[in-house]
Amino acid sequence: MTKKQNLIQVVKFLLFSISAGIIQIGSFTLLNEVAHLPYWPAYLISLVLSVLYNFTLNRRFTFQSAANVPIAMAKVAAYYCVFTPLSTWWGDALTGIGWNEYLVLAGTMLINVSTEYLFCRFVVYRKSMNTHVKEKKKS
């Protein structure tokens, strides 16, 4: 890929991740402020919602991958098998010592977007980027 293509890919990933972040923050806020859930369940539920949304958009539009969806999702799930327990642990620990829930969530989301992009780019879609063929409209 050229530098320009790489830059476009990063920008697309970032924009889709921002929209997924809005879903995560919105659902976290509802669960935290309205349902009064503790940090960790509110975080886990909102994370799952944003991951499903983000995976769907990034596979199709950012990485334009025709890769087997269950295999790609399993690879992303493997990433989250590491990221989720760690981020839940540090989030719960930091909020437990008085850090603001939204500050912890914002920092966690920044770590997530950067590490997930690298994982998707170099592990999940490494060999299948730009393999999705757009369907031609019949006249």
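Biologist: How many nonpolar, polar and charged residues does the lining of the largest pocket have?

Modeller: Please note that this is a predicted model, in which local features need pLDDT of at least 70, side-chain atom pairs count only at pLDDT 80 or more, and totals for chains, interfaces and linings use all residues. Residues are numbered from 1 along each chain as its sequence is written, and side-chain values use heavy atoms, with hydrogens and water left out. On a 1 Å grid over the protein atoms alone, a pocket is an open set of points with protein on both sides within 12 Å along at least five of seven lines, and lining residues have an atom within 4 Å of a point. Ala, Val, Leu, Ile, Met, Phe, Trp, Tyr, Cys and Pro count as nonpolar, Asp, Glu, Lys and Arg as charged, and the others, Gly among them, as polar. Here the lining has 13 nonpolar, six polar and one charged residues.

Biologist: Which residues lie nearest the centre of the largest pocket, and which helix gives the most to its lining?

Modeller: Helices are DSSP runs (H or I, at least four residues), numbered from the N terminus. Of the 20 lining residues, Ser17, Ile18, Gly21, Met109 and Val113 lie nearest the centre. H1 gives the most, with nine residues; H1 (3–34), H2 (39–62) and H4 (101–124) each supply at least two. The pocket volume, the space filled by probe spheres set on the grid points, is about 260 Å³.

Biologist: What volume does the largest cavity have, and which residues line it?

Modeller: A cavity is a set of points where a 1.4 Å probe fits but cannot get out. A search of the whole structure finds one cavity of 30 Å³ or more, and the largest cavity has a volume of about 50 Å³. Its lining includes Phe13, Asn54, Val76, Glu116 and Cys120. H2 supplies the largest share, four residues. By class, five lining residues are nonpolar, two polar and two charged.
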